[in-house]
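Below is what I looked up, in the order I got to it.

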Amino acid sequence: MTDCIFCKIIDGEIPSKKIYEDELIYAFEDINAQAPVHFLVIPKKHIKSIDDIDTEDENLIGKIFTKIKEIAKAEGLDNGYRVVINCKDDGGQTVDHLHFHILGGRSLNWPPG
């Protein structure tokens, strides 16, 4: 998708602070961090939102959650972390590419603002 900011990050057209990459997944620091540790994990396949996940994406989504656990540990989040997925406008999604926010490094309150 040529106008997607996250696709451009994956392709290297827009710089990011990469923390993990493989053939299916890209993870990088959030530029608007809401916690001491805040990074995004995205599929390299362009999926617009959680509502656009198909059955063919089940293995990819499972792999993402496995990698989230590994990356969180590598980032020092041994005491816990939060995974946030925003969906569409009312859910607070601002980039139309499925992405997982991982936040940690401090005690997180619930509910969030």
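**Entry 1: a loop residue.** I started with Lys88, which sits in the loop between β4 and β5. I kept in mind that this is a predicted model. The phi of Lys88 is near 60 degrees, a positive value in a residue other than glycine. Is Lys88 buried or exposed, or in between? I found a relative accessible area of 45% for Lys88; buried would need under 20% and exposed over 50%, so Lys88 is partly exposed.

**Entry 2: helix α2.** Next I checked the length of α2, residues 58-74. Its 17 residues should span 24 Å at 1.5 Å a residue, and I read 25 Å between the end C-alpha atoms, which agrees.

Then I asked which residues of α2 are buried. My list reads Leu60, Ile61, Ile64, Lys67, Ile68, Ile71 and Ala72. They cover an arc of only 135 degrees around the axis, so they lie on the same side of α2. I was pleased to find a lysine, Lys67, in that buried list. On the face turned away from the buried side I noted the exposed residues Glu58, Asn59, Lys69 and Lys73.

What covers the buried residues of α2? The cover includes the strands β1 (18-21), β2 (25-29), β3, β4 (81-84) and β5 (100-104). Just after α2, I also noted Gly76, which takes a positive phi of about 85 degrees.

**Entry 3: His38.** I moved on to strand β3 (residues 37-43), where His38 has its place. His38 has 7% relative accessibility, so it counts as buried. A polar atom of the His38 side chain lies 2.9 Å from the backbone nitrogen of Gln34. Leaving aside residues up to four places away in sequence, I found His38 touching Glu29, Asp30, Asn32, Ala33, His101, Ile102 and Leu103.

**Entry 4: aromatic rings.** How many aromatic pairs does the structure hold? I have three in my notes. One of them, Phe6 with Phe28, is edge-to-face, at 5.6 Å centre to centre with 75 degrees between the planes. This pair links distant parts of the chain, as Phe6 is in helix α1 (residues 5-10) and Phe28 is in strand β2, 22 residues apart. Phe6 is buried at a relative accessible area of 6%, and Phe28 is buried at 4%.

Tyr26 and Phe28 form a tilted pair, 5.7 Å centre to centre with 45 degrees between the planes. Tyr26, at 6% relative accessibility, counts as buried too.

Methods
Residues numbered from 1 in each chain as written. Predicted model: local features only at pLDDT ≥ 70, side-chain atom pairs only at ≥ 80, totals over all residues. Heavy atoms only, no water. Helix = DSSP H or I, 4+ residues; strand = E, 2+ residues; numbered from the N terminus. Buried < 20%, exposed > 50% of the residue type's maximum accessible area, 1.4 Å probe, protein only. Polar contact = N/O pair within 3.5 Å; in protein donor to acceptor, adjacent residues only side chain to side chain. Contact = heavy atoms within 4.5 Å. Expected span 1.5 Å × (residues − 1). Arc of directions from axis to C-beta. Phe/Tyr/Trp six-rings, centres within 6.5 Å; stacked < 30°, edge-to-face > 60°.
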